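Please read it alongside the sequence and the coordinates.

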Amino acid sequence: MDAVINKTKLNNGLTVVSEHISSVKSISIGIWVKSGARHETDQQAGVTHFLEHMLFKGTKNRTAYEIAQSMESVGGYLNAFTSTEYTCYYARCLDTELERALDVLSDMVMSPIFPTEEIEKEKKVVIEEMKMYRDSPDDYLFEEFTSHLFQKHPLGRPILGFEETVNSFTDEHLFEYMRLRYAPENLIVAVAGNVDHKAVVTFCENLFNDHDRSLQTQAFPDVPVLDTRPLNLHKSIEQTHYILGRRGLHFDDQQKYVMLLVNTLLGGGMSSRLHQNVREKYGYCYSIQTFNQSFTETGIWGVYVGTDKEYVSHVHELIVEQLQDLAENMVSLQELEEAKTQLKGKMLLSQENTSNRMMRLAKSEIYYQRHVDLDELVAHIEEVSAEDIRSFSVDFMDQSHYVEATLTPK
């Protein structure tokens with residue numbers, strides 16, 4: 001798609017980034033807050049996510065129903081999500097509804113009201129959401145694994161928080177958190193689709209003109225020394241769920257492109273080494289996959305598998321065998337080229353969705369303060385050699401860096 005990237009920083013510090021795509025008739029808009037679960041204190045655990053829910057419960061200008069109806073009435077939709085390091089409120093609609101979408105999203109972020117009765121109802125909703133994730137074995141195991149990997153560090157806290165902290169929230173807690181974290185210099189408005197950048201800037205100047213809070217500076221504790229003791233959990237389930245993983249790479253690590261290819265070789269679909277050697281060759285599982293997540297100063301990488309408790313030790317040996325093979329032997333040129341093609345293909349296919357492009361715009365701004373285009377990504381991927389993968393894997397696949405987490409049936 002033919003696209004043009006533009007970026008403007010308003011006088012109050014808010015950043016506007018847009019990508020004009022002439023071949024579509026829709027737009028995806030996101031108001032991004034550079035504040036996530038890691039920016040909370042222990043007493044605030046879950047407040048970022050709870051606040052995300054509450055911004056849909058009404059503003060000084062709209063009721064909760066009017067917020068929902070505002071976009072659905074023109075064929076669009078509103079939603080939001082909270083992550084470890086950022087929060088996003090977004091809409092997707094026809095390009096003719098740019099002003100409406102920006103008006104609604106900015107109203108939610110700028111003029112929320114937090115009625116006590118809505119707060120109390122939403123506490124129940126969020127606690128039910130916690131129970132839903134605890135009832136999902138793979139979600140539960142991943143949350144516990146992350147907590148174990150980072151111990152008492154903010155990166156190890158669940159995004160939803162805890163029942164006791166969520167139950168303690170009042171409107172004062174929400175307003176105070178917004179005052180400290182929702183400052184304009186901490187906000188990004190990202191738009192992708194058939195959109196005019198100057199129009200977005202003009203709307204944002206009008207909508208955010210009175211927004212001039214100062215951002216609270218925040219220092220994070222150092223990531224603690226890794227505790228490599230295995231994590232063993234039990235639940236009333238049928239299948240055993242298993243993770244072998246470690247701390248990964250941060251967003252700006254120079255080895256991240258090697259890591260992307262390693263991740264593809266090991267767990268990138270049905271043709272990957274782990275799928276072929278654990279599922280197809282031995283039938284030890286239905287699902288096996290790798291996961292790769294980066295943060296500002298560290299990350300998470302690992303292998304997840306659901307299997308029978310009798311097969312866990314065999315599966316562990318097969319996984320370690322594949323990890324060590326990358327460190328000891330050169331990947332063939334054919335396998336490397338296939339992995340590169342697969343990785344580039346997924347990136348290019350994702351760009352046919354305006355929501356994905358809007359998210360890439362914002363994440364580039366959050367982590368690099370500039371737009372990282374696909375040509376740059378593809379060039380870095382093409383530069384990776386078989387020797388790069390082998391030398392990277394010598395240290396990265398060292399089992400002294402790894403932690404095992406197992407969730408077995410009671």
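Which residue in E10 is the bridge partner of Leu244? The partner is Val303, and the two strands concerned, E8 (residues 240-248) and E10 (residues 299-307), run antiparallel and are joined by nine bridges. The model is predicted, so local features need pLDDT of at least 70 and side-chain atom pairs count only at pLDDT 80 or more, whereas totals for chains, interfaces and linings use all residues. Residues are numbered from 1 along each chain as its sequence is written, and side-chain values use heavy atoms, with hydrogens and water left out.

Strands (E, at least two residues) and helices (H or I, at least four) are DSSP runs numbered from the N terminus, and two strands pair if DSSP finds at least two bridges between them. On these terms, five strands form an open sheet with mixed pairing in the order E7-E11-E8-E10-E9, in which E7 (231-235) and E9 (285-294) are the edge strands, each pairing on one side only.

| Helix | Lies across | Angle |
|---|---|---|
| H5 (residues 137-150) | E7, E8, E9, E10, E11 | about 35 degrees to E8 |
| H10 (residues 273-280) | E9, E10 | about 155 degrees to E9 |

Val189, leaving aside neighbours within four places in sequence, is in contact with residues including Leu14, Ile31, Leu102, Val200 and Phe208.

Conventions. Contact means heavy atoms within 4.5 Å. Axes are lines fitted to C-alpha atoms, for helices over the stretch in contact, and angles run from 0 to 180 degrees between N-to-C directions.
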